[in-house]
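Q: I would like to learn how to read a protein model feature by feature. Could we go through one together, with the general idea given before each case?

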Amino acid sequence: RRRRIVEIETRPLRPATNDVPLTLGVRVYPGHPAWVAAPYFVFATGAGWARATTPVIDQDGLLFDATETAWVWDGQAGGGVELRLGRHVALNADVRVTTRLRIDRGQRLEVIDAVGNTVPIMGHQGGVLGNLGLSVYF
């Protein structure tokens, strides 16, 4: 029996921001559909909206919160294994390389880090993401 998987996910990506991401992905299974432990490749893309707030001190020494909002494009690619527990239930684990590119042209707030470098509060981002999941098939 052939499985076609489309995944939709939404979740916060960084605890320091309020994120509303929506990604649509697909899993590609190179092995036989009857395998109990099925390796797969995963690809996902989507967009999101984020808001970050950070405390800053102005030139006069006054403390206040600076807030920035941004639209971003999310992309993910990786691989994992699905452990099929029956016809309708599976556990899965995967690792993905992720990228998040800021796509709006809004104002970009910057802060100075401990070394003295100017750093945007929300710029382009990249990293590695690990996922554990439970799949229910109908």
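Q: Are glutamate 68 and arginine 102 buried or exposed?

A: A residue counts as buried under 20% relative accessible area, as exposed over 50%, and as partly exposed in between, with a 1.4 Å probe and protein chains only. By that rule glutamate 68 is buried, and arginine 102 is buried as well. In the protein chain, which has 138 residues, buried residues make up 35%.

Q: Which contact do the side chains of glutamate 68 and arginine 102 make?

A: Side chains of opposite charge can pair when their charged atoms come close. The term salt bridge is used for a side-chain nitrogen of Lys or Arg within 4 Å of a carboxyl oxygen of Asp or Glu. Glutamate 68 and arginine 102 form such a salt bridge, with 2.4 Å from N to O. Because glutamate 68 belongs to strand E4 and arginine 102 to strand E5, this pair ties together parts that are 34 residues apart in sequence.

Q: How much may I trust what I see, and how are the residues counted?

A: This is a predicted model, in which local features need pLDDT of at least 70 and side-chain atom pairs count only at pLDDT 80 or more, while totals for chains, interfaces and linings use all residues. Residues are numbered from 1 along each chain as its sequence is written, and side-chain values use heavy atoms, with hydrogens and water left out. The pLDDT is the predictor's confidence in each residue, on a scale from 0 to 100. For the protein chain the mean is 83, and 88% of the residues reach 70 or more. Confidence is lowest in strand E1 (residues 5-9), at a mean of 57, and highest in E5, at 94. Where pLDDT is low, the predicted coordinates should not be read in detail.

Q: How many helices and strands does the protein chain have?

A: Helices (H or I, at least four residues) and strands (E, at least two) are DSSP runs, numbered from the N terminus. The protein chain has zero helices and eight strands.

Q: How many salt bridges are there, and which residue does glutamate 82 pair with?

A: The count comes to six salt bridges. In one of them glutamate 82 pairs with arginine 27, and their closest N and O atoms are 3.1 Å apart. Since glutamate 82 lies in strand E4 and arginine 27 in strand E2, the pair ties together parts that are 55 residues apart in sequence. Glutamate 82 and arginine 27 are both buried. Another salt bridge joins aspartate 94 and arginine 96, with 3.0 Å between the closest N and O atoms, and both of these residues are buried. Through shared partners, salt bridges link Arg27, Glu82 and Arg84 into one network.

Q: Which rings form the aromatic pair?

A: Rings of Phe, Tyr and Trp (its six-membered ring) pair if their centres lie within 6.5 Å, and planes under 30 degrees apart count as stacked, over 60 as edge-to-face and the rest as tilted. The structure holds one aromatic pair. The rings of tyrosine 29 and tyrosine 40 have centres 5.6 Å apart and planes at 55 degrees, so this pair is tilted.

Q: Which charged ends sit over the rings of tyrosine 40 and tyrosine 29?

A: A charge sits over a ring if NZ of Lys or CZ of Arg is within 6 Å of the ring centre and within 35 degrees of the ring normal. Over the ring of tyrosine 40 sits the charged end of arginine 27, 5.0 Å from the centre, and over that of tyrosine 29 sits the charged end of arginine 84, at 5.2 Å.
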